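Reader: I'd like to talk through how two chains sit together. Could you show me the model and take my questions?

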Number of protein chains: 2
Amino acid sequence: MKLSAKVEYGVRAMAVLAIYYQAGPLPLREIAEQEKISLKFLEQIFPDLKKAKLVESARGSRGGYMLSRSPAEIKVGDIVRAVEGPITPVDCLSEIETKACCDRKDACLTRQVWEKLRDRINDVLDEVALIELVDIKPVYKSS
Amino acid sequence: MKLSAKVEYGVRAMAVLAIYYQAGPLPLREIAEQEKISLKFLEQIFPDLKKAKLVESARGSRGGYMLSRSPAEIKVGDIVRAVEGPITPVDCLSEIETKACCDRKDACLTRQVWEKLRDRINDVLDEVALIELVDIKPVYKSS
DNA sequence: TGATATCCGAGTTGTTTAGTCGGGATTGAA
DNA sequence: TTCAATCCCGACTAAACAACTCGGATATCA
């Protein structure tokens, strides 16, 4: 029942981006230094965040990443699912819903617990927005 | 965010034991056949359940395992924690509470989310008792 | 043109998982 | 007393996964 380092770093990186919200693109090198995370590892995480439309990127010099929505609108759950894929406590739940995963004729007795667990995990992760992780006021562009 | 196969099998095995509650010791071979789980793998799981005092064992011929409490008193959370250890979504939470896990001076901003997550996972797993997984009535000893 | 970025895919190293295997100790029954 | 069933114990292993690392291609701005 563990989250990966990718998720942990992803959330921390997004928290940094939240602080610099609306201050233009922030390069990963900056985040890597601040959070003591390998730059190359961050480079591996951010394509997932971009695919999920949580961040936008600017290439080339003076490029970087920025949040595509306000930190109040991005939930921790969004980040977790973007980086790790959908929450599935047991493999059984990742299959097509209608299909019986267990080949026993009766419905899997334990399945209901794992479904409930999955839903509750998603709930609690969706309760917390990025802005709540950064108690200090965001830094806006000076101009 | 996955549970191990050990946990999944552990819960299923305990559900079988719940059905045969108070019907004397049930050998693992029986559970293995019913649930299509490797006997040797089950033998690896049950010492954990015993250590957590969820089951009692009877050795030798006609031996086996039985629940040490009623299926209403055993929660899924008990089984999960017995087999997998305490729930820790990130390693940070497994350290001694008082010690600052991150070496940054300010408290880890994301920690609060993971604590909340951990607590909620424990909550939901402790809401479901073993008896709720076996909708059919338990089989009591005939005598 | 050159420095700085994102982007892309492959390689590496260590850990964990999901078992298997072989045998020892204990007990109930024939 | 012997036998078979059972729990018990520790080591082993193959495959998957995690957490990076590495080398470079591509885009952009000054």
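Author: Gladly; this is a predicted model, and what follows is about how its two chains meet.

Reader: How do you know that chain B and chain A are related as by a two-fold rotation axis?

Author: Chain B is laid on chain A by a turn of 180° with a shift of 0.0 Å along the axis, and the RMSD is 0.1 Å. The two copies are thus related as by a two-fold rotation axis. In chain B, M1(B) has the C-alpha nearest the axis, at 2.6 Å.

Reader: What makes you say that the same surface serves both copies?

Author: Of the contact residues of chain B, 97% recur in chain A. The contact itself joins 33 residues of chain B to 32 residues of chain A.

Reader: Why is the pair K2(A) and D91(B) called a salt bridge?

Author: The closest N and O atoms of K2(A) and D91(B) are 3.9 Å apart, and the rule asks for a Lys or Arg side-chain nitrogen within 4 Å of an Asp or Glu carboxyl oxygen, so the pair qualifies.

Reader: Which elements give two or more residues to the side of chain B that touches chain A?

Author: They are α1 (5–19), α4 (76–84) and α5 (111–127) of chain B. The largest share, 10 residues, comes from α5(B). By kind, the residues on this side of chain B divide into 18 nonpolar, 3 polar and 12 charged.

Reader: And how much area do the chains bury between them?

Author: About 3,300 Å², with 65% of it on carbon and sulfur atoms.

Key
Residues numbered from 1 in each chain as written. Chains lettered and ligands numbered in written order. Predicted model: local features only at pLDDT ≥ 70, side-chain atom pairs only at ≥ 80, totals over all residues. Heavy atoms only, no water. Least-squares fit on C-alpha atoms with pLDDT ≥ 70 in both. Contact = heavy atoms within 4.5 Å. Buried area = accessible area lost by both parts, 1.4 Å probe. Helix = DSSP H or I, 4+ residues; strand = E, 2+ residues; numbered from the N terminus. Nonpolar A, V, L, I, M, F, W, Y, C, P; charged D, E, K, R; others polar.
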